[in-house]
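Here is a friendly walk through one model, with its charged pairs, its sheet and its core in turn. Please keep the viewer open as you read.

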Amino acid sequence: MPSLSTLIDNFNDNTIGPNWGDSYGGVSETGGRARVPLVATNYAGYQTGRAWTFAGAAVYLKLVTRPAASTGTDVSCNFLVTSSTDGTSIGFKYNAVTNKLRMQSNVAYFDGTAVEITYDPVAHLWLRLREDGTNVYWETAPDGTTWTTRRTLTTPAWVTSSVDTTALDLYGYRDAGTTDFAEYDNVNTLSDGAVFTATATLTADSTLTTAATATTVVSATLLADSTLTAAAAITAMATGALSAESDLTAEVAGADTNDIDVLVGKPVGGWAVSTPWR
């Protein structure tokens with residue numbers, strides 16, 4: 001749902017942009033302006049496609065060049081927001097024959113209660129249409145900043161219902177007289193910077209050297225990529241003191257010879273007898 005508030009063009013690239021896809025009648029972008037030729041009995045205009053919304057929007061521009069009346073009886077340049085219904089529109093009309101600025105809300109191409117003021121090329125250089133959900137305002141300014149309201153009207157129902165179906169039409173017409181043109185500029189922008197296209201030869205005036213740059217990382221966030229599992233280990237330690245207690249008994253009766261047979265006889269030669277033998 002593109003709002004007309006977002007339509008911006010200062011016409012400085014000398015190319016009709018894609019937003020003005022429904023332009024007609026031999027218009028051109030010349031000298032940083034949108035130029036609309038006024039050729040007898042020929043309509044010409046810079047026009048967007050019917051894809052915009054005026055409800056809640058504001059759209060302004062600068063009327064830089066106005067046509068001369070010459071010998072014509074119907075010579076004008078217009079700044080209109082148009083609906084999808086033919087002849088239903090809202091906006092400004094500069095009448096070159098009467099030098100009047102007309103604030104109009106047209107139905108069937110006419111507004112019987114339109115407001116007209118004598119055009120001042122300084123005070124009325126900038127024109128703005130604005131809708132706030134309740135009213136539509138026609139405003140003028142000498143500088144694109146200091147706005148004076150020239151007409152207020154309860155918002156027509158078609159403005160609210162026409163979502164993505166309105167268009168902005170900057171058109172001119174003359175019924176007779178010498179061919180000339182109207183020029184519009186600075187749609188929704190105060191910037192008027194020029195755009196230049198040129199070629200140049202580049203030369204180096206100095207030698208470039210590189211210098212090392214130290215980079216210090218002072219903080220970091222650490223993330224664990226795995227899970228560690230701890231296994232329990234049981235360790236047992238014991239100490240003990242061992243003591244032995246015993247009773248020693250002395251046999252006073254001497255050796256037990258009950259199971260020993262003792263044979264006493266004469267010594268046999270070859271044996272050496274010692275004590276106690278004799």
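## A strand-to-strand salt bridge

E116 has a relative accessibility of 43%, so this residue counts as partly exposed (between the limits for buried, under 20% relative accessible area, and exposed, over 50%, with a 1.4 Å probe and protein chains only). R102, at 16%, counts as buried. The two side chains form a salt bridge with an N to O distance of 3.0 Å; the term asks for a side-chain nitrogen of Lys or Arg within 4 Å of a carboxyl oxygen of Asp or Glu. Because E116 sits in strand β8 (residues 115-118) and R102 in strand β7 (residues 100-106), the pair ties together parts that are 14 residues apart in sequence. Strands here are DSSP runs (E, at least two residues), numbered from the N terminus.

A word on the source: this is a predicted model, in which local features need pLDDT of at least 70 and side-chain atom pairs count only at pLDDT 80 or more, while totals for chains, interfaces and linings use all residues. Residues are numbered from 1 along each chain as its sequence is written, and side-chain values use heavy atoms, with hydrogens and water left out.

## Other charged pairs

The whole structure holds seven salt bridges. In one of them D111 meets R151, with the closest N and O atoms 2.9 Å apart. D111 lies in the loop between β7 and β8 and R151 in strand β11 (residues 148-154), so this pair ties together parts that are 40 residues apart in sequence. Both D111 and R151 are buried.

D180 and R174 also join through their side chains, at 2.8 Å from N to O, and both of these residues are buried. R33, R35 and E183 are linked in a salt-bridge network.

## The open sheet

Which order do the strands of the open sheet follow? Six strands run β3-β12-β5-β6-β7-β8, with antiparallel pairing (a pair needs at least two DSSP bridges). The edges are β3 (44-47) and β8, each pairing on one side only. Four bridges join β7 to β8, and L101 stands opposite I117 in β8.

## The nonpolar core

The largest nonpolar core has 38 residues, and L4, F54, F79, V81, L168 and Y184 have the most contacts inside it. Such a core is a set of buried Ala, Val, Leu, Ile, Met, Phe, Trp, Tyr and Cys residues joined through side-chain atoms within 4.5 Å. Strand β5 (residues 75-82) gives the most to this core, with four residues.

Beyond its neighbours within four places in sequence, L4 is in contact (heavy atoms within 4.5 Å) with residues including W52, F54, V81 and L168.
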